[in-house]
Amino acid sequence: MTFEELNADCSVERMDSVSKALEEVLSAALLQGRITVGVYEAAKSLNVDPDNVVLCILATDDEDVKDVALQIHFTLIQAFCCENDIDILRVNNTRRLAEILGGGKQGGEQMDLHCVLVTSPRTSTAKNQALWKVNHFCHESRCMDQWVPVIHLPER
């Protein structure tokens with residue numbers, strides 16, 4: 001086995017681990033009512049209380065890449081999050097994200113899953129291992145000049 005193959009295996013395992021941790025964070029935050037869903041709702045929340053936000057998730061599918069308005073919103077949200085030390089992740093599977101967040105419908109209407117904010121847990125972050133793992137991944141990515149790392153949520 002070459003170094004590159006070994007490094008790729010560790011990278012795949014690491015991504016799987018972070019993906020699972022992200023699912024845990026989202027599931028726990030959903031149960032505790034600490035999720036804000038939607039680009040507009042996220043912008044309002046960031047404007048009111050940015051210090052309470054611990055994670056920003058920007059989700060796209062292949063067809064969203066061509067949506068210029070959405071990309072402009074993403075750029076503005078990313079800039080705001082970077083300025084306020086809020087960790088950011090990109091997720092490539094909005095269908096899986098919808099499953100994690102309870103089907104993607106709220107009150108019978110389809111949710112805008114392009115931006116999801118997670119606010120601070122009631123317990124300390126140090127006790128929340130999954131959130132620590134996601135935050136640590138974001139910090140490591142920034143150290144490698146990858147300011148908005150991409151997480152691949154596997155189908156279940």
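Helices and strands are taken here as DSSP runs, a helix having at least four residues and a strand at least two. By that count, this predicted model has 5 helices and 7 strands. Along the sequence, these elements follow the pattern α-β-α-β-α-β-α-β-β-β-α-β.

Some totals describe the protein as a whole. It has 156 residues, of which 42% count as buried. When contacts between residues at least 6 apart in sequence are considered, 81% join residues at least 24 apart.

Helix H3 can be followed in detail. It covers residues 68-83, and at 1.5 Å a residue its 16 residues should span 22 Å; the end C-alpha atoms lie 23 Å apart, which agrees. At the start of H3, the backbone nitrogen of Ala69 has a side-chain oxygen of Asp67 within 3.3 Å. Just after the helix, Asp85 adopts a positive phi of about 55°.

The next point is how H3 sits against the rest of the protein. An α-helix has 3.6 residues a turn, so residues three or four places apart point the same way. The buried residues in H3 are Leu70, Phe74, Ile77, Gln78 and Cys81. Viewed down the helix axis, the buried residues of H3 fall within an arc of 105°, so they line one face of the helix.

How values were computed: Residues numbered from 1 in each chain as written. Predicted model: local features only at pLDDT ≥ 70, side-chain atom pairs only at ≥ 80, totals over all residues. Heavy atoms only, no water. Expected span 1.5 Å × (residues − 1). Buried < 20%, exposed > 50% of the residue type's maximum accessible area, 1.4 Å probe, protein only. Arc of directions from axis to C-beta. Polar contact = N/O pair within 3.5 Å; in protein donor to acceptor, adjacent residues only side chain to side chain. Contact = heavy atoms within 4.5 Å.
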